[in-house]
Amino acid sequence: MKSIIALGMTVFLSAETLAQASFELPADKAATAQGLVETALESDLAYEIVESLTTQVGPRLAGSEAEARGRAWGEALGRELGFDRVSIEEFTMPYWERGEMEIVMTAPYEQALYGSALGGSGRSPRLGAVNAEIVYFRNIDALTAIEDGALDGKIAFVDGDPMVASQTGAGYGPSNQRRRIGWQHAERGGADALVVRSVGSDSHRMPHTGMMSSMDGEWADIPVIAISNPDADHLRRLHNSGQDIEMRIRSTAGWRGEVSSGNVVLDLIGRENPEEIVLIGGHLDSWDQGTGAVDDGAGVAITTAAAALIAQLPERPRRTIRVVMFGAEEVGLLGARAYAEQHADEVDNHVLATESDFGARSIWQLVSNVSEEGTPAIDAVGGIIGPLGIIRGGSDVPGGGPDIIPLAMMGVPTVRLNQDGTDYFDLHHTPDDTLDKIDPDELAQNVAAYAALVYLAAELDVDFRTRDSASADE
């Protein structure tokens, strides 16, 4: 065993890892990558981009007129920054609109609650509101165990514990089950409405919205409302004290028919192998209560700025660098699925893909899922960005980001620059997702890491694809 000192940490490398680490970056490529890092750390471009998006366009609900203005903004930005090819690839989607919502506890006394209709929620009766006693469920498992019809004429309230904040956001998946599938069991039980503790790690009265899951293509017929953690705590204390609790809920949320959305695609065309694509990006849409700065204006800004810095080099890299501003991510990865379908004939030409969609805090780890040939090259990238405070993580970690999932399932190799998500779920899907939460220096660190990674991935004569990736979708 041999140890090396990196970023103040002792890292032990096996003989196998040391053998792989024998890959050496050509000196001129390493110098260019290092120059990009230094330039990015001094650049305000990413912050200027996210400031423009959140200020000039604002909230960008998937399928809305605001999201369409976001696409026009992205197209104009791509031309302004000198991308070689700029296009919008449209697709159709069903449009859900939040409408108006009121939620009030009416017994044992009257108190307004802070809530948000979940994506896919139904509306209350057209001539009024739902007024009913609540049935308390300690967690989603308790709700799923009910018998059919057991909630007739009632409002179901699913409690749970607030998410535990963590660097990786590991608690999101388990907590999210009440948001995604709770409505299916509430409707099966005959409930007039469902209220859930919102999925977040904060203690503010800022409810977290988000999309529910459909059931065989069908959506909720009843109002489904997420309430803030402090309000959920309040209801729990009342329930534990033996009080009967009643609520009034009025919601006009619902589906409004088919509309157009789209992906904005910005290309720097490769000088030698233009058909080979290194794809990066973020999602352009956001939920409608904040301005989508952290989720995911920051990701759009980071990846666009990184590519724009590469565009300023004396010559284009060997491969094409493609930035995709994905549309309609929040409502089911619709833009990602459309991109994968529209580019199915050239999916084998996508040599690497990654997305920035976990906020705007500093990157702390590089993980990958590429070929045996490509892994040492990614290790070498880790050496370039290591001084930014980024450690090399696993080399067999699938992912790349939510919008990369359809491509990864088709065999496209992926990498991921993991950001510090400790406070991400304090802001995620809330009215508190605004520009003031972004630190320009942390944003610049992200750009520096992306610029070095993407430049080297596009420039090095290394195949990140596995030999059987071409048949992975068959």
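**Figure 1. Q445, a buried residue of helix 13.** At 7% relative accessibility, Q445 counts as buried in this predicted model. The residue lies in helix 13. Leaving aside residues up to four places away in sequence, Q445 touches L41, S362, I363, L388 and I390.

**Figure 2. The salt bridge between E442 and R361.** Helix 13, which spans residues 440–459, also holds E442. The side chain of E442 meets that of R361 in a salt bridge, with 3.1 Å from N to O. R361 sits in the loop between strand 15 (350–353) and strand 16 (363–369), so the pair ties together parts that are 81 residues apart in sequence. E442 has a relative accessibility of 18% and counts as buried, because the cut-off for buried is under 20%. R361, at 25%, counts as partly exposed.

**Figure 3. The salt bridge between R188 and D148.** The side chains of R188 and D148 meet at 2.8 Å, N to O. The pair links distant parts of the chain, 40 residues apart. R188 belongs to helix 6 (residues 172–188), while D148 is in the loop between helix 5 (140–144) and strand 8 (155–158). With a relative accessible area of 29%, R188 is partly exposed. D148 is exposed, and its relative accessible area is 59%.

**Figure 4. The salt bridge between K437 and D436.** Here the side chains of K437 and D436 meet, with 2.9 Å from N to O. K437 is partly exposed at 28% relative accessibility. D436, at 59% relative accessibility, counts as exposed.

**Figure 5. A network of salt bridges.** Salt bridges link D28, K29, R271, E272, E315, R318, E459 and D461 in a network. For the structure, the count comes to 35 salt bridges.

**Figure 6. The largest pocket and its lining.** The space in the largest pocket is about 830 Å³. Its lining is made up of 36 residues. Y172, E329, L333, D357 and P402 are the lining residues that lie nearest the centre of the pocket. Several elements each supply at least two lining residues: helix 6, helix 9 (334–342), strand 16, strand 18 (414–419) and helix 12 (424–427). Helix 6 gives the largest share, five residues. Sorted by class, the lining of this pocket has 14 nonpolar, 14 polar and eight charged residues.

Figure 7. Rolling a probe the size of a water molecule over the atoms shows where empty space is left. Four cavities of 30 Å³ or more are held in the structure. The volume of the largest cavity is about 60 Å³. The stretch from S286 to G292 is represented in its lining by S286, W287, D288, Q289, G290, T291 and G292. D295, E330, H429, T430 and D433 also line the largest cavity. By class, the lining of the largest cavity divides into one nonpolar, seven polar and four charged residues.

**Figure 8. Helix 10, with ten buried residues.** Helix 10 covers residues 374–385 and has twelve residues. From its first C-alpha to its last, helix 10 reaches 17 Å, close to the 16 Å expected at 1.5 Å a residue. Ten of the twelve residues are buried, so helix 10 is largely enclosed by the rest of the structure. The buried residues are G374, T375, P376, A377, I378, A380, V381, G382, I384 and I385.

**Figure 9. L235 and the residues it touches.** L235 has its place in helix 7, residues 229–240. At 0% relative accessibility, L235 counts as buried. Not counting residues up to four places away in sequence, L235 touches M105, L113, F157, I227, I245 and M247. V265 is 30 residues from L235 along the chain, and the C-alpha atoms of L235 and V265 are separated by 47 Å.

Note on methods: Residues are numbered from 1 along each chain as its sequence is written. This is a predicted model: local features need pLDDT of at least 70, side-chain atom pairs count only at pLDDT 80 or more; totals for chains, interfaces and linings use all residues. Side-chain values use heavy atoms; hydrogens and water are left out. A salt bridge is a side-chain nitrogen of Lys or Arg within 4 Å of a carboxyl oxygen of Asp or Glu. Helices (H or I, at least four residues) and strands (E, at least two) are DSSP runs, numbered from the N terminus. Buried means under 20% relative accessible area, exposed over 50%, partly exposed in between (1.4 Å probe, protein chains only). On a 1 Å grid over the protein atoms alone, a cavity is a set of points where a 1.4 Å probe fits but cannot get out, and a pocket is an open set with protein on both sides within 12 Å along at least five of seven lines; lining residues have an atom within 4 Å of a point. Grid points are joined across faces, edges and corners, and a volume is the space filled by probe spheres set on the points. Ala, Val, Leu, Ile, Met, Phe, Trp, Tyr, Cys and Pro count as nonpolar, Asp, Glu, Lys and Arg as charged, and the others, Gly among them, as polar. Contact means heavy atoms within 4.5 Å. The expected span of a helix is 1.5 Å times one less than its number of residues.
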